[in-house]
Amino acid sequence: MKKMSKWIAPLTLSAVLLGACGGNESSGESSNNETASNNGGNSSDEAPDTMETGEADQTVEASGDESVQLDMWIHQTGEDETNFYVERIDAFNEENDDIHVTAEIIIDDGGSSYSDSINAALVAGNLPDILALDGPYVASFAESDVIQSIDEYVDEEFLDDFVDSIIQQGSYDGELYSLGAMEASIPLYYNKEIFEEEGIEAPTSVDEAWTWDEFMEHAEALTTEDRYGLNLFMNYGVGEWMTFMGAPFVWSNDGELLSEDGSTADGYLNGPESVEAFEYIKSLFEAGVVDLNPGEMQFEEGNAAMALGGPWISVTAEEAGVDWGMMPYPYKETPVSPSGSMAYGITSLTENPEEAFEVMKWLTNEESTIGLSEVTGMPPVRHSAFESMDHYDELPWSIMREQVTETAKARPQTPAYPVLTDAFAQSFHAAALGEDVQETLDQQVERVERELERFND
Amino acid sequence: MAGPKKFRMKTLQGKEAVTGYLFLLPALILLGIFLLYPMGAAFYYSLTDFYILRPGEENFVGLANFQTILGDAEFRQALINTIYFAVLVVPIQISVALGLALLVNRKLRFKVFFRTAYFSPVVMSLVVVSILWTFMYNPNEGLINELLGVFGIPAQPFLTSPDQAMNSIIAMSVWQGAGFQMMIFLAGLQNIPNHLYEAADIDGASKFQKFLHVTLPGLKNISVFIFITITIAAFKLLVQPMIMTQGGPLGSTKSLVYHIYEVGFNYRDVGYASAMAVVFTLMVLIITIVQRILAREEGA
């Protein structure tokens, strides 16, 4: 016995360690669930945790229905936004006796933590039935059959109410994969007080949008010793923001980032229209009207007269007490504005795609998109929603509405998007730093071409 | 880095050996799960075209990934950046750490305060430190440029000029890391027997001579240890460029590990990223071995 006891300590320690490792895996899945999961009957999913099914078998639910269990992943950016999603999902569960959605909230820091989670789950084969994903990544997931087409559940009439850009964003290879509940746009914010002082008149509709020349002229006029004419939020870093905000410069010059069939960037991202657009961006920095290192609140503090910023600037500018207005995104040949936001996709692993689509439909219906818009300040995705939200009828929000419904263009639908967007952002930053535009674009196109090769065979 | 003392190992026998290995077991299990298995997996993936969005469909591609590395301009730039970082950080950080250790080893007032102050950056999260320094380096509102402004020096584009960004990261990294090596040096300093200094005093040695002939030799082993650990840490540069510059401007601060991370996670090319990781591991391994050989030769 005495000899045995010598071994007990190390053995138990190992057992505990092993147990801890194994245990974490299964408990992690349920411990993060934010919405209460009341297991109604058998789950038709392959529940990884046998304990749960066992419990469910013993407790007979009052309803007695066999409901379909769905897992869903939602990104968390802001608390209000997340709470709204949770509320909407709870409401869905209440309304639908036969479907039960369990949502897991995953932090989205604006960097890559959310997509890292998706990647990890993908490799491990642990993806949920339905998940939130960033618009431009729809193509990657569609190409790899991570998410499935929803064409069979939708008809023309249903889609008619959605703005074009959201359909564009959710489509790949002629099929619809994803729908979202919110849009985004970038208006040209301006400081009304400064505009009055300088006697500059802001356009009040997309039809009157400034051309590049007018934009440059006014930006220069608005730049003084202690104030920049324009803020492009270069402080967000060299990332998605630069593509989101900057791509319309290329598009409005009738350029593209990729060929129509998505097979090449050569002659497009480095084509003459793009080069001209990047030269223009470069000239904005050379003229000294944009700050390469703006402070977080440059526009809100009145240190920049204009700003190409996301809808969230309305909130921060309001809080800072700035008298702000919106005008349309400037253009060269054709007015174009940025678009795209988080959307939903149904994974190919799910055994209940129809029910999953019900969830997607619910989360993108009029009530959801209006509610989300009210909470986040982001524009809705449905024409009907715009009609029932009064403030979109008048300035400044009418500018946002016009952009979303008339000039919005989705970022390219390509599985090579992660490399493409980095190539664009690097080029944008290089132009801002005064590097040779053509040379930079050629280099970056080479990278994109190498990545596209993977998908072109 | 062989210590001066040689430990005499008694061979474990029979039951004792079993117990010993059993005690090792928990550590071995953890090492296996979190170190050996991933390393093996990375090595395997480096020979495949594993793409994250197509799990389980990887093909064996032999050494193709390693061939790609040879022609990869980004890899080359990241390698040069990393070496530049290491070559500057290692000597500067050792000198600063030793200087600080000598300072706080003297009998001065508020000694504890200074030790704590110099050590505190070490216990702060590197992410937090990076964000703080990003603010401090800001040309318009940053603390450092405000200070420079007082002396009439124009605002510097610390993180936005390709020429300055890496140096700015080096300065911040030294500030963040040196406190830790300071503590080790401090322990080393206090281990130098006092009678050596007394003997030097009797011989009429100056302060500098004492430092050169008593302090430095006394710190020999510790220095080698610090040298190797800082070098390895320097090669693992990741957080600072990720947070502060995203590898820019113009790729001037992109480190090898950051490049590997980007290719593996953002571009999902795990096969190629693994190949770069294998090359990186071999590189660090070789550097470490060379360092140890050099240190040993000098000691002999």
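Within the largest nonpolar core, which has 192 residues, the members that touch the most others are A:Leu269, A:Phe278, A:Met306 and A:Phe428. Helix 3 (residues 73–105) of chain B supplies the largest share of this core, with 12 residues. The model described here is predicted.

**Core and domains**

- In chain A, domain 1 (68–180 + 342–377) and domain 2 (188–338 + 412–453) each contribute residues to the core, so the core lies between these two domains.

**Strand 9 of chain A and its partners**

- Strand 9 (residues 304–308) of chain A is largely enclosed by the rest of the structure, because 5 of its 5 residues are buried.
- Strand 7 (residues 188–191) of chain A runs antiparallel to strand 9 of chain A and is joined to it by 3 bridges.
- In this antiparallel pairing, A:Tyr189 stands opposite A:Ala307 of strand 9.
- Strand 8 (residues 228–231) of chain A runs parallel to strand 9 of chain A, and 3 bridges join the two.
- In this parallel pairing, A:Tyr228 stands opposite A:Ala304 of strand 9.
- In a regular strand, side chains alternate between the two faces of the sheet.

- B:His259 is located in helix 12 (residues 256–266) of chain B.
- The relative accessibility of B:His259 is 2%, under the 20% limit, and therefore B:His259 counts as buried.
- When residues up to four places away in sequence are not counted, B:His259 touches B:Asp72, B:Glu74, B:Phe75, B:Ala78, B:Lys254 and B:Met276.

Technical notes:
Residues numbered from 1 in each chain as written. Chains lettered and ligands numbered in written order. Predicted model: local features only at pLDDT ≥ 70, side-chain atom pairs only at ≥ 80, totals over all residues. Heavy atoms only, no water. Buried < 20%, exposed > 50% of the residue type's maximum accessible area, 1.4 Å probe, protein only. Helix = DSSP H or I, 4+ residues; strand = E, 2+ residues; numbered from the N terminus. Pairing = 2+ DSSP bridges. Contact = heavy atoms within 4.5 Å. Core = buried A, V, L, I, M, F, W, Y, C linked by side-chain atoms within 4.5 Å. Domains from an automatic or database assignment.
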